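Consider the following structure with its sequence at hand. The paragraphs below go through it part by part.

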Amino acid sequence: MIMKKLLTGIENNFIDFLFPIKCVVCKKETGLKRKNKLICTDCLVNLSPSFNFYCPICEARTIDAKLCFSCNLMIGNTENKFYLDQLLYPFSYKDQSIQKIIKSFKYYFIKDLEAPISRLAINYLEKIKNQIDLNDLILIPAPLHKIKFNQRGYNQSELIAVRIAEYLNAEFTTDCLSKIKPTKDQANLKEDKRLENLKSAFLCVKPWLITGKRVLLVDDVYTTGATMSECARVLKEAGAKEIVGLVIARG
Ligand SMILES: [Zn+2]
Ligand SMILES: [Zn+2]
């Protein structure tokens, strides 16, 4: 056991020597230990989280991260319902640094970013916990279709959600919400194609896990909200009481 640890240590130092890890944001060598050196201290300090709340649809400032008055009215008068009750996020996806961090995590397979990204989310929750009720939540990550999961090897939202659940001392499950249809990337689709793309994509497999509960639905990026709203619809129809969305950045 000790020998194995020692060897792993030597191995890691050797890998570090051959491939010094560079900060995913500024590309400078950080000179820190493996798992802690993916984002350098300067880049971490320069990130600027916001602790204000905005309407999930129009981005107007709100006091509780719920729909603003006019979006609420608008939704009441249209067929396209919106199922997400609240939306929480610390960063704007326009922030180039956070965009690089999320892309590295999601598309460049740098799985070890799960730790610093989760820490960013937890620091944010710590700051807002007096304004938003974070008690008695069950955490559910936005699911990936199994083809995507197998390609990437992990679900980035799940890795974050596990750590947040630990911090909140909350329940966590991946057994409840499933993605049963592969979908195209929402960002590349026009508005009217987005809802169609998501149609019948998600299924609540074990509704009894969420009956009457408040769900914290965790994803990495929120763009139009179509995906989150669709997941929220499926969970609510299965019996969830309320859906709070949490993402790292809003596009
Ligand atoms: Zn850096
Ligand atoms: Zn609004």
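Lys27 is placed in the loop between α1 and α2, where helices (H or I, at least four residues) and strands (E, at least two) are DSSP runs, numbered from the N terminus. Lys27 is exposed, with a relative accessibility of 54%; exposed means over 50% relative accessible area, buried under 20% and partly exposed in between, with a 1.4 Å probe and protein chains only. Although Lys27 is not a glycine, its phi is positive, at about 70°.

The model is predicted, so to speak of local features pLDDT of at least 70 is needed, while side-chain atom pairs count only at pLDDT 80 or more and totals for chains, interfaces and linings use all residues. Residues are numbered from 1 along each chain as its sequence is written, chains are lettered from A and ligands numbered from 1 in the order in which they are written, and side-chain values use heavy atoms, with hydrogens and water left out.

Donors are N, O and S atoms within 2.8 Å of the metal (3.2 Å for Na, K and Ca); water is not among the atoms, so sites may look incomplete. Four donors count as tetrahedral if all angles lie between 85 and 135 degrees; four count as square planar and six as octahedral if opposite donors are over 155 degrees apart and all others between 65 and 115; anything else is irregular. Cys23 and Cys40, both in the loop between α1 (2-18) and α2 (41-46), are 17 residues apart, and the pair links distant parts of the chain. Cys23 is buried at a relative accessible area of 1%, and Cys40 counts as buried at 12%.

The zinc ion (ligand 2) has Cys55 (SG), Cys58 (SG), Cys68 (SG) and Cys71 (SG) as protein donors, lying 2.3 Å from the ion. This site is tetrahedral too, with angles of 106 to 115° among the 4 donor atoms. The spacing of the donor residues of the zinc ion (ligand 2) in sequence is C-x2-C-x9-C-x2-C. Because Cys55 lies in the loop between β1 (53-54) and β2 (61-62) and Cys68 in the loop between β2 and α3 (69-76), the pair ties together parts that are 13 residues apart in sequence. Cys55 and Cys68 are both buried.

Next come the strands. All 5 of the 5 residues of β9 (residues 214-218) are buried, so this strand is largely enclosed by the rest of the structure. Arg214, Leu216 and Val218 point one way from β9, and Val215 and Leu217 point the other way. In a regular strand the side chains alternate between the two faces of the sheet. Strand β5 (residues 137-141) pairs with β9 in the parallel sense over 5 bridges; two strands pair if DSSP finds at least two bridges between them. Pro141 has Val218 as its bridge partner in β9. β9 also pairs in the parallel sense with strand β11 (residues 242-246), over 5 bridges, and there Val215 stands opposite Ile243.

Thr174 touches Pro141 and Glu158, not counting residues up to four places away in sequence, contact meaning heavy atoms within 4.5 Å. Thr174 itself lies in the loop between β6 (171-172) and β7 (177-179) and is partly exposed, at a relative accessible area of 36%.

An open sheet of 3 strands has the order β4-β12-β10, with parallel pairing. β4 (91-92) and β10 (221-222) stand at the edges with a single partner strand each, so one side of each is left without a neighbour in the sheet. β10 is joined to β12 (residues 249-250) by 2 bridges, and Val221 has Ala249 as its bridge partner.

The chain has 9 helices and 12 strands, and buried residues make up 44% of its 251 residues.
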